[in-house]
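Subject: Structure handover

Hello,

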Amino acid sequence: MAKQKEIKTNAMRILDSLKIPYTHHTYECQEFVDGLQIADMLGEPYEKVYKTLVTVGNSKNYFVFVIPIAEELDLKAAARSVGEKSVEMLHVKDINAVTGYIRGGCTAIGMKKQYVTRIDNTARELNRMIVSGGKLGLQLELAPEDLCRAAKAEYADVIRHS
């Protein structure tokens with residue numbers, strides 16, 4: 001019997017080419033589910049799982065933010081971190097056209113273009129973090145520094161503090 005070939009996403013191929021170690025987690029998913037549900041399905045703490053958000057600045061440039069799943073993006077802090085006057089969330093219908101990914105499968109690694117990317121400072125405290133793997137039902141676990149390198153990202157304080 002032929003061994004079934006593992007299907008790699010663009011994000012996985014990029015990590016492989018950079019020789020960045022990662023593990024992938026799969027879960028059953030036919031449509032978008034939020035990050036909290038994904039963490040529950042994987043049995044992972046919420047603090048370890050991050051979501052990827054795409055915004056558009058008043059300059060009409062796109063910006064990517066990777067934040068903990070249970071947190072909210074602070075739009076003012078996000079804008080400051082990328083040198084914009086303001087940013088707003090990209091409309092869901094535009095995600096695929098801008099990133100090449102679909103809602104729920106969007107990752108900062110390997111988008112159609114290299115956008116300015118910020119990973120929330122909370123990731124610095126982790127040994128490993130989990131982010132989308134580039135398609136529904138797939139998550140990648142890797143060191144925050146490795147995500148920074150693969151996504152050409154910088155750290156910034158971009159979540160809302162109460």
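Predicted model: local features only at pLDDT ≥ 70, side-chain atom pairs only at ≥ 80, totals over all residues.

Helix 1

Helix 1 covers residues 10–17, and its buried residues are Ala 11, Met 12 and Leu 15. Looking down the axis of helix 1, these buried residues fall within an arc of 100°, so they line one face of the helix. What do the buried residues of helix 1 pack against? Their contacts are with strand 1 (23–26), strand 7 (138–142) and helix 5 (144–151). After helix 1 comes Lys 19, which has a positive phi, near 55°.

Helix 5

Helix 5 is mostly covered, with six of its eight residues buried. Those residues are Pro 144, Asp 146, Leu 147, Cys 148, Ala 150 and Ala 151. They pack against helix 1 and against several strands: strand 3 (62–68), strand 5 (116–120), strand 6 (129–132), strand 7 and strand 8 (153–156). Just after helix 5, Lys 152 has a positive phi of about 50°.

Strand 7

Five of the five residues of strand 7 are buried, so the strand is largely enclosed by the rest of the structure. Which residues of strand 7 point one way, and which the other way? Leu 138, Leu 140 and Leu 142 point one way, while Gln 139 and Glu 141 point the other way.

Strand 7 has a partner in strand 1: the two run antiparallel and are joined by four bridges. In this pairing, His 24 stands opposite Leu 140. Strand 6 and strand 7 also run antiparallel, again with four bridges between them. Here Val 131 stands opposite Leu 140. Strand 6 and strand 7 form a hairpin with five residues between them. In the turn of that hairpin, Gly 134 has a positive phi of about 105°.

Aromatic pair

A pair of aromatic rings is described by the distance of the centres and the angle of the planes. The count for this model is one aromatic pair. The pair is formed by Tyr 62 and Tyr 115 and is edge-to-face, with 5.7 Å centre to centre and 75° between the planes. Tyr 62 lies in strand 3 and Tyr 115 in the loop between helix 4 (95–99) and strand 5, so the pair ties together parts that are 53 residues apart in sequence.

Salt bridges

Side chains of opposite charge can pair when their charged atoms come close. The model has seven salt bridges; three of them are described here.

Arg 118 and Glu 154 meet in a salt bridge at 3.9 Å, N to O. This pair links distant parts of the chain, with Arg 118 in strand 5 and Glu 154 in strand 8, 36 residues apart. Arg 118 is buried, with a relative accessible area of 11%, and Glu 154 is partly exposed, with 48%.

Lys 48 and Glu 44 form another salt bridge, at 3.4 Å, N to O. Lys 48 is buried at 17% relative accessibility, and Glu 44 is buried at 18%.

Arg 128 and Glu 141 meet in a salt bridge at 3.5 Å, N to O. This pair also links distant parts of the chain: Arg 128 is in the loop between strand 5 and strand 6, and Glu 141 is in strand 7, 13 residues apart. Arg 128 is partly exposed at 29% relative accessibility, while Glu 141 is buried, with a relative accessible area of 8%.

Regards

Technical notes: Residues numbered from 1 in each chain as written. Heavy atoms only, no water. Buried < 20%, exposed > 50% of the residue type's maximum accessible area, 1.4 Å probe, protein only. Arc of directions from axis to C-beta. Contact = heavy atoms within 4.5 Å. Phe/Tyr/Trp six-rings, centres within 6.5 Å; stacked < 30°, edge-to-face > 60°. Salt bridge = Lys/Arg side-chain N within 4 Å of Asp/Glu carboxyl O. Pairing = 2+ DSSP bridges.
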